[in-house]
Amino acid sequence: MTTERLYFQDAYLTRFRATVVERLTWEGHPAVVLDRTAFYPEGGGQPADRGWLNGVAVVDVRTRSDDVAVVHVLAGDLPADEVEGVVDWPRRYDHMQQHTAQHILSQAFIRAAEAETVGFHLGERYTTIDLDVEVSPDDVARAEELANQVVEENRAVTARFVPQEELARLNVRRPPKVTGPVRLVEIADFDVVPCGGTHVAHTGEVGLVAVTRVERYKGGTRVTFLAGRRARADYARRRALLAQLGDVLTCGEEDLVPRVERLLTEHKAATSALRKAQERLLSVEAEALWARAPQVNGVRIINAPFDDRDPDLVRKLAGMLRNRERAMVIFGWQGKDKARFVFARTEDVDVHMGQVLKQVLEEYGGRGGGRPDWAEGGVSIPERVPDILATAARLLESMIS
Ligand SMILES: [Zn+2]
């Protein structure tokens, strides 16, 4: 049975009496169809209302496709046949503000950029419209300005049903998606469009239309915006964010950009200076390791454990020593929950470091390997780094003795 939709006549109606005409199960939940309802079912880009029927929470509202009955999906059983419905008003009013803003903004984009709206989605946090063409930042600014002008002018927003035949005579923004009488929503002297959604009575109630994001989308443009209380809350959030940034950077709003730019420049210079200093330190360290390394048959075995060192710096150090002559490098360090190793050698030594590392780590239940001149691996006993290096050193000594 088709439900009488009370919100068509009055979007501000939040309490109503109705009779249960059907009980059913909808996706595992108890559900009812009423003879009349003020609940808006999901559709046309607008989410479903929430609320209560005799105090039982309405968790979803859907239109049944075969007979367009409005199905109220409930959190629990509803034994009574006569019910009082209460619509969750803050949620509904938010949807009315966003939806009306969408009508205003869609018409504004036609006037500012000849861009037609081909998609609309009212989300939990943001609302988007999809335009059929790409628009410039200037177009967006003009459309936003025009939309807010229409908000300020507080124009009447009205809805009426007209027969299909009448549509041809009216300047309707897009053709209807339904057959039979069509519900037209009109913003006085600005916009007329077929729509089954809920809207505020005057554009002033939209308060503010704020475009927050513009991106290319399917050959056109996706415009994200906020209206009404959402826009106000967003403005408050942004002010708080700027104030917080000002506190952190100890400067006023107008100095934020130059301050951050200066910090980035300083950071870049400091990073570059640090890198140069690290490289100088590494050369000194390489020299010290080289000098104290024992030699077997003229080949140095450079064995060193490292604590709390950036693994990339350890690798770099190994790389510097590998570029010398007649040396083998065995480095290990404690990673987060692993001991890690780099084994390397100079070009003039005939030992396969990949095979050596593999053999040594297998003894300790670890894994590793690599090329003859460079190998890496790890084992999950971080505290055994010195033992493992000693084992490797003994093996290398025996190989070149
Ligand atoms: Zn609408």
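This is a predicted model: local features need pLDDT of at least 70, side-chain atom pairs count only at pLDDT 80 or more; totals for chains, interfaces and linings use all residues.
Trainee: Turning to strands, how many bridges join strand E2 to strand E3, and which residue stands opposite Trp 26?

Mentor: Strand E2 (residues 15-26) and strand E3 (residues 29-34) run antiparallel and are joined by six bridges, with Trp 26 standing opposite His 29 in E3. The hairpin of E2 and E3 has two residues between the strands, and Glu 27 takes a positive phi near 45° there. E3 also pairs with strand E7 (residues 70-74), in the antiparallel sense and over three bridges, and the bridge partner of Ala 31 in E7 is Val 73.

Trainee: What is the order of the strands in the open sheet of four, and which strands stand at its edges?

Mentor: As a general idea, side chains in a regular strand alternate between the two faces of the sheet. In the case here, four strands form an open sheet in the order E9-E10-E15-E14, with antiparallel pairing. Strand E9 (117-122) and strand E14 (209-217) stand at the edges, and each has a single partner strand, so one side of each is left without a neighbour in the sheet. From one strand to the next, the twist averages 20°.

Trainee: How many bridges pair E14 with E15, and which helix packs on the sheet?

Mentor: E14 pairs with strand E15 (residues 220-227) in the antiparallel sense over eight bridges, and the bridge partner of Val 209 in E15 is Ala 227. Helix H4 (residues 228-249) packs on this sheet, where it touches E14 and E15, and its direction makes about 85° with that of E15.

Trainee: Which residues have the most contacts inside the largest nonpolar core?

Mentor: The general idea is that nonpolar side chains in soluble globular proteins tend to be buried together. In this structure the largest nonpolar core has 56 residues, and those with the most contacts inside it are Ile 104, Leu 105, Ala 147 and Val 209. Helix H1 (residues 89-113) gives the largest share of this core, seven residues, and the core draws at least three residues from each of domain 1 (4-87) and domain 2 (93-240). A second, separate core of 33 residues includes Val 329, Phe 331, Trp 333 and Phe 343.

Trainee: What is the radius of gyration of the protein chain, and into which domains is the chain divided?

Mentor: The protein chain has a radius of gyration of 36 Å, whereas a compact globule of 401 residues would have one near 21 Å. Its C-alpha trace spans about 100 × 55 × 40 Å along the principal axes. The chain is divided into domain 1 (4-87), domain 2 (93-240) and domain 3 (292-400), and the centres of domain 2 and domain 3, taken over C-alpha atoms, are separated by 67 Å.

Conventions
Residues are numbered from 1 along each chain as its sequence is written. Two strands pair if DSSP finds at least two bridges between them. Domain bounds come from an automatic or database domain assignment. Axes are lines fitted to C-alpha atoms, for helices over the stretch in contact, and angles run from 0 to 180 degrees between N-to-C directions. Two residues are in contact if their C-beta atoms, placed from the backbone, lie within 7 Å. The radius of gyration is taken over C-alpha atoms; the globule rule is 2.2 Å times the number of residues to the power 0.38. A nonpolar core is a set of buried Ala, Val, Leu, Ile, Met, Phe, Trp, Tyr and Cys residues joined through C-beta atoms within 7 Å. A residue is buried if 20 or more other C-beta atoms lie within 10 Å of its own, exposed if 12 or fewer, and partly exposed in between; C-beta atoms are placed from the backbone.
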